[in-house]
Amino acid sequence: MEIQIRMKKIILILLPLALAFSPLRSSAQAEHETVETSLASITVSVKGCNVHVSGANGETLEIFNVTGVKVSTIRIDSDEKTFTLNLPKGCYLLKIGKVVRKISTM
């Protein structure tokens, strides 16, 4: 029994020392996300209930509520598109490709 107690004490002393003096090797990789130039030129602006989208011809606008439920999908068929949102008051996410904007309706 006494031997087990001594072994535990030795382990409790040696383990932190071994961890303190062991060489740690860490590396970090920077994440690089490549965004297509056509998506980088997409602009979304909101005034009241009107949303203006430019540079997104042929894309699909998806509207999500804050819980992540898709509430609407709109196909953008021209380079400049303005439409009115008929959504209940609250916060929403607008997503066109990799471009995401947060909006709130009043």
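Me: What is the strand order in the open sheet of four strands?
Reply: The order is E4-E3-E6-E7, and the pairing is antiparallel. Strands here are DSSP runs of E with at least two residues, numbered from the N terminus, and two strands pair if DSSP finds at least two bridges between them. The model is predicted: local features need pLDDT of at least 70, side-chain atom pairs count only at pLDDT 80 or more, and totals for chains, interfaces and linings use all residues. Residues are numbered from 1 along each chain as its sequence is written, and side-chain values use heavy atoms, with hydrogens and water left out.

Me: Which strands stand at the edges of that sheet?
Reply: Strand E4 (70-75) and E7 do. Each has a single partner strand, so one side of each is left without a neighbour in the sheet.

Me: And what does the twist average there?
Reply: From one strand to the next, the twist averages 20 degrees. The axes behind such angles are lines fitted to C-alpha atoms, and angles run from 0 to 180 degrees between N-to-C directions.

Me: How many bridges join E3 to E4?
Reply: Five bridges join these antiparallel strands. Within E4, Ser-72 is the bridge partner of Ile-63.

Me: Staying with E3, is Glu-62 buried or exposed?
Reply: Glu-62, which is found in strand E3 (residues 60-65), counts as buried at 19% relative accessibility. The classes are buried under 20% relative accessible area, exposed over 50%, and partly exposed in between, with a 1.4 Å probe and protein chains only.

Me: What does the side chain of Glu-62 make a polar contact with?
Reply: The partner is the side chain of Lys-70, at 2.9 Å. A polar contact is a pair of N or O atoms within 3.5 Å; within protein, one must be able to donate a hydrogen and the other to accept it, and residues adjacent in sequence count only if both atoms are side-chain atoms.

Me: Which residues does Glu-62 touch, not counting those up to four places away in sequence?
Reply: Glu-62 touches Lys-70, Ser-72, Leu-93, Leu-94 and Lys-95. Contact means heavy atoms within 4.5 Å.

Me: Changing topic: which residues touch the most other members in the largest nonpolar core?
Reply: Of its 15 residues, Val-44, Val-51, Val-53, Leu-61, Leu-94 and Ile-96 do. A nonpolar core is a set of buried Ala, Val, Leu, Ile, Met, Phe, Trp, Tyr and Cys residues joined through side-chain atoms within 4.5 Å.

Me: Which elements give two or more residues to this core?
Reply: They are E2, E3, E6 and strand E7 (99-105). E6 gives the most, with three residues.

Me: What does Leu-61 touch, again leaving out residues up to four places away in sequence?
Reply: Leu-61 touches Ser-72, Thr-73, Ile-74, Ile-76, Phe-83, Leu-94, Lys-95 and Ile-96.

Me: Now the open sheet of three strands: what is its order?
Reply: The order is E1-E2-E5, with antiparallel pairing. Strand E1 (43-47) and strand E5 (80-84) stand at the edges, each with a single partner strand, so one side of each is left without a neighbour in the sheet. Neighbouring strands are turned by 15 degrees against each other on average, direction ignored.

Me: How many bridges join E2 to E5?
Reply: Strand E2 (residues 50-54) is joined to E5 by five bridges, and the two run antiparallel. Val-51 stands opposite Phe-83 in E5, while Ser-54 stands opposite Glu-80 in that strand.

Me: Is Ser-54 buried or exposed?
Reply: Ser-54 is buried, with a relative accessible area of 11%. The side chain of Ser-54 makes a polar contact with that of Thr-43 at 2.3 Å.

Me: What lies between E1 and E2?
Reply: Two residues lie between them in a hairpin, and Gly-48 in the turn has a positive phi of about 65 degrees. E1 and E2 pair over five bridges in the antiparallel sense.

Me: Which residue in E2 is the bridge partner of Ser-45?
Reply: The partner is His-52. Ser-45 counts as partly exposed at 38% relative accessibility.

Me: Last one: where is Asn-86?
Reply: Asn-86 is in the loop between E5 and strand E6 (90-96). Asn-86 is exposed, with a relative accessible area of 71%.
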